[in-house]
Structures are given as C-alpha cells and as structure tokens.
Amino acid sequence: PTWIGGTASNLSALRGKVVVLDFWATWCSPCRAVMPSLDHMRQGRESRGLLVLGVTRFYDRGYLPADESELRTGGASVKGMDEKAFLEHVTAFKKNSGIGYPFVIGDGDDFKSYRISGIPTVVVVDRAGTVQLIGVGGAAEPMVRAAVDRLLAPSSETSESQGG
C-alpha cells in the first residue's frame, strides 16, 4: 500500500506497538468526525508506543475540506476520480485537515482481511499483533480510548509478553 505521512511498513513490522487502524473514506462524514479525537489520542500516547493509521482504499468520489474548520462540513464534493487523482485527493485532504497520523491507501483486500463491512471502523491491535477491539461507528471512540489505555499500561506490557 501507499503511505501518506509515514514510512510504509507491514503490520507485522509494527509488533511492539499498540496500533489503531481507522478504516475510513474522505466522503464519509462520520469517518471525518472521529479523526480529530483519534489524532488527539495519538498525540498524548505516541511516546508510549501508540501508532494510529488511517486506512482507506480507492473511491471515485470524495470530500475535500479547505482547512481544519471544514473537516465535517463546508468542503467540496469531488467526483469522477481515477486512482492517480484519488492519491492526490487523499494527500490534499491530509494537508488541509491537519490530521497528523499517517494515511494508508490499501485496497479492498485490506478491508476484507479485517472483515470491514462499514465505515468508520476502528481496529485496535495489541503489541503482540492480536486484534483486541473492533469498533464500528463514531460511538466506538470511548471503547477505543479505553482499550488503548489498557494496552499501553505498564502492567499490560508484562502480561502480553507472557502470553496473557
């Protein structure tokens, strides 16, 4: 996959970190609504081993905010994109939205492998690479935050390395 704002890596190379995968699309208003809280969570926990990745795939339509104030509403609808235009669109979306975590452009198989049936869906993966939570919809954010904090807690590192 293509990474925007980060160094491309496969998930197995991220073992040792708690990883939050945010499956989203620029046209999805509920997806855009959860992004600022995920970014805020990332900022306070990155030094403790948290990595947040926004995972999207090609869509021929999208939404482009002019700046952070238009993240939820007021931006421009974009239609009829090919894959090259989509990459440019997601790059512009990242710049304009002010979201600090990397965006990953995958494909439908990436969505299928995590059984993503709707977006937004947020997946929390522990330091050992095991999925600990799948939260669907914007209301999942408190559960995601609780799972991340539990997995980043010092006692969690010890129990995970011992298989617990």
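**Salt bridges along the helices**

A: In this predicted model, Glu88 has a relative accessible area of 48%, so Glu88 counts as partly exposed. Its salt-bridge partner is Lys84, with 3.4 Å between the closest N and O atoms. Lys84 is exposed, at a relative accessible area of 60%. Both belong to helix α2 (residues 83–97), where a spacing of four residues puts about one helical turn between them.

Glu141 is among the buried residues of α4, with Val144, Ala147, Val148, Leu151 and Leu152. Down the helix axis these buried residues fall within an arc of 125°, and therefore line one face of α4. Arg145, at 22% relative accessibility, is partly exposed. The end C-alpha atoms of α4 are 16 Å apart, in agreement with the 16 Å that its 12 residues should span at 1.5 Å a residue.

In helix α1 (residues 29–45), Asp39 and Arg42 are three residues apart, about one turn. Their closest N and O atoms lie 2.8 Å apart in a salt bridge, and both residues are buried. A network of salt bridges links Asp39, Arg42 and Glu46. Helix α1 has 17 residues and reaches 25 Å between its first and last C-alpha, close to the expected 24 Å. The helix has a kink of about 25° at Met35, shortly before Pro36. Across the whole structure, the search finds five salt bridges.

Note on methods: Residues numbered from 1 in each chain as written. Predicted model: local features only at pLDDT ≥ 70, side-chain atom pairs only at ≥ 80, totals over all residues. Heavy atoms only, no water. Helix = DSSP H or I, 4+ residues; strand = E, 2+ residues; numbered from the N terminus. Expected span 1.5 Å × (residues − 1). Bend = angle between axes of the 7 residues up to and from the residue. Buried < 20%, exposed > 50% of the residue type's maximum accessible area, 1.4 Å probe, protein only. Arc of directions from axis to C-beta. Salt bridge = Lys/Arg side-chain N within 4 Å of Asp/Glu carboxyl O.
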